[in-house]
Amino acid sequence: MMKLSERDSLLRGAYWVTDAGACSGVYVLEEGKIIIDAGNMYGLVDELEELGPIGNLKSVYLTHSHFDHIGGLAEIFQYAEPDVYIHPIARGYLDLHRDPFPAFFRELEKYGKLKLVREGDVLEGLSGLKVLHVPGHTAGDIAFYDEASKSLFCGDAVLSYKLRFGAILSKPDEVCGGRMIDKLNTLKSLLKLPVRHLFPGHGEPIFEVGHDQIKIALATLYQSFYEDDQTKAWEEIGKALLEAGYEEEANQAFERARKVKATH
Ligand SMILES: [Fe+2]
Ligand SMILES: [Fe+2]
């Protein structure tokens, strides 16, 4: 496990699970009381027990309904009974999984262990984790923001451009209500957030330059939208940067737009 406080003391009690073979990234908070996402491979429980008995696990916060983020619950519930938190829209998509998962979630609900969370809710963890609704990849994606350390746990809403399959793993899933226009608006609103550390659902944690990563994700998206019109792409990137208050960088984008136009 990677101890995140070695990079920023404000991230006390937080870890990134590196060895569980967990398919999605799993982040641990409060020395093992809370995890964000559960991956979908066996071995997570062993990893978590490095910090103490698995019975210490009280809460699992799910960024969205995809199986690579929730499958690990099957192993966890053999040893512990944490509360599971999810957005109401993502709750609906849990029923799309194969048996026994839909029945498992209905059972959790019956025992009051499935908790629905929405934009603006604040959950335990670090200095208090603010829930942000970040639709686009699916309609029910949420991210968790810690104001003190300026950390964003973003699931698949933003993935590193360095990750080989990042674009594919974060693309809109229409079956679960994913839409490109929502993804665009989500990235635009995340651009306004001061993000220092970005903790994505796949790939390694991104320390210090989280904000740049969001910018790159947005720019890449605009470039793919306007593949045949890079002038328009750079103009749109410039507008989004200006709207988010980054005047200098916006001007650089507008300058790029002018240069592309001049060469055509
Ligand atoms: Fe994923
Ligand atoms: Fe996903």
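Modeller: Gladly! With 264 residues, a compact globule would have a radius of gyration near 18 Å, and the protein chain, at 19 Å, agrees (taken over C-alpha atoms; the rule is 2.2 Å times the number of residues to the power 0.38). This is a predicted model, in which local features need pLDDT of at least 70 and side-chain atom pairs pLDDT 80 or more, while totals for chains, interfaces and linings use all residues. Residues are numbered from 1 along each chain as written, with chains lettered from A and ligands numbered from 1 in written order. The C-alpha trace spans about 65 × 40 × 30 Å along its principal axes, and the chain holds ten helices and twelve strands (DSSP runs of H or I, at least four residues, or E, at least two, numbered from the N terminus).

Now to your contact. Helix α7 (residues 180–191) packs with helix α8 (residues 210–225) at about 150°, their axes 9 Å apart (lines fitted to C-alpha atoms over the stretch in contact; angles run from 0 to 180 degrees between N-to-C directions). The two helices are therefore roughly antiparallel (over 145 degrees). On the α7 side, Lys183, Leu184, Leu187, Lys188, Leu190 and Leu191 make the contact (C-beta atoms, placed from the backbone, within 7 Å). They meet Ile214, Lys215, Ala217, Leu218 and Leu221 of α8. By class, the contact residues are eight nonpolar, three charged and no polar (Ala, Val, Leu, Ile, Met, Phe, Trp, Tyr, Cys and Pro are nonpolar; Asp, Glu, Lys and Arg charged; the others, Gly among them, polar).

Conventions:
Parallel < 35°, antiparallel > 145°, perpendicular 65-115°, else oblique. Contact = placed C-beta atoms within 7 Å.
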